[in-house]
Amino acid sequence: MKITSVDVIECKPNVMGSVICVRINTDEGISGYGEVGLSYGKAHHAGVGIARDFGQLIIGMDPRNIEAIWEHIFRTTFWGMGGGTVINAGMSAIDTALWDIKGKAANLPVYQLLGGKTNKKIRAYASQIQFDWADEHRFLTKPEQYAEATRKAMAQGYTAVKVDPIGVTMDGVWAREASNPNWKMRGKLSNEMLKIAYERTAAIREAGGEDLDIIIELHSYTDTITAIQLGKVLEPLNIYYYEEPVHPLNVDSMLEIHRNLSIPIATGERIYTRWGFRQFLEKGAVQVIQPDLCLAGGITETKKICDMANIYDGAVQLHICGGPIATAASLHVEAVIPNFLIHEVHEGAIKKEMRELGKYDYMPDENGNYEVPELPGIGQELSEKALAEATIYTIK
């Protein structure tokens, strides 16, 4: 079997940005899909470009030699070993597509090729409820709105939610875009901000009851001082874990926060490959790792990262903030690893326009659990509608 062409697929923009996928085609008529994890933020064009660049490297190669192709890109592109977001995003998409091909060729779901199921059910949580949990994306300001968003998620079966309690100002503006000088997230939080964060989170706790797991997300907007300050205020609300409380690559700051709080610390969506995660695990700075399969190095590298974390008793919540290909591929890894904790369902992923990108509409059941796709490969492809509306670049 040989790779004959690579399609880089720039999907029509939606609430999450413009999802970028690759489709690797072979001389035996089998194609595989992967996703470049750069649909959100400001690296979209770089994501398309790196997929086109790396696609040129693999024409004529046997797609079943996944490790060899991963090493080829990593070792011979000069930039591969330097890593970084864009480089690893391109590698991730190609790697995932290769696993999809291998599963289809063997007529097996990818999880079987990775070692079989350890987890029969994949527990999921509702992520980013500061944007509500509904068809409309909006910024919530009042505690009662946070309580209502929690009830909406729980009505769909979710037993855990994630919120950024200071991500939205009382003016209804996303914090990183706020011009309000009183909404300062570094240096020292004001008493007003601490009160708002506590009341929003307390409303979630009251609406969800004591059995609801609450994850706090800070998007690394806070620094060491403010993260500790806020964490101590929220500790009495029994927080499940504390995500990206400080710069995502500053291991010593993360460790200092961990030493000052009883809440488990989580990070990883902006950390790539085993080399990136190593110091966080060796120093015990994080207790929950969050690699993004579409950024960290694909299925091949993400599985290795998770296995490495298991040595240090690190739990795994894969970061998922993309399209249907990202979700399906992540489910296969989560099904296999013994240190799986919980699966992320982003608020943007429940929107109709995002769900329509996939050929199959995988969502959690009434108990908030996913079934892992049983189709050959990753069990997901782009829909005819998505392909018809996309811009496609073909490398031969």
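A nonpolar core is here a set of buried Ala, Val, Leu, Ile, Met, Phe, Trp, Tyr and Cys residues joined through side-chain atoms within 4.5 Å; buried means under 20% relative accessible area, with a 1.4 Å probe and protein chains only. The structure is a predicted model, in which local features need pLDDT of at least 70 and side-chain atom pairs count only at pLDDT 80 or more, while totals for chains, interfaces and linings use all residues. Residues are numbered from 1 along each chain as its sequence is written, and side-chain values use heavy atoms, with hydrogens and water left out.

The largest nonpolar core comprises 124 residues. Within this core, I24, I166, L230, Y242 and I299 have the most contacts. Helix α3, residues 85-106, is the greatest contributor, giving nine residues. A second, separate core holds eight residues, among them A160, V288, A315 and I342.

Contact is defined as heavy atoms within 4.5 Å. When neighbours within four places in sequence are left aside, the contacts of I166 include W183, M185, L189, M193, L218 and L230. K184 lies in the loop between β5 (160-163) and α6 (191-208). Its C-alpha is 9.6 Å from that of T226, although the two residues are 42 apart in sequence.

In helix α8 (residues 251-260), the buried residues are V251, S253, M254, L255 and I257. Their cover includes the helices α7 (224-234) and α9 (273-282), together with the strands β7 (239-243) and β8 (265-267).

For the chain as a whole, 13 helices and 13 strands were assigned, as DSSP runs of H or I of at least four residues for helices and of E of at least two for strands, numbered from the N terminus. Along the principal axes, the C-alpha atoms fill a box of roughly 65 × 40 × 40 Å. Of the 396 residues, 60% are buried. Among contacts between residues at least 6 apart in sequence, 71% join residues at least 24 apart.

How values were computed:
Buried < 20%, exposed > 50% of the residue type's maximum accessible area, 1.4 Å probe, protein only.
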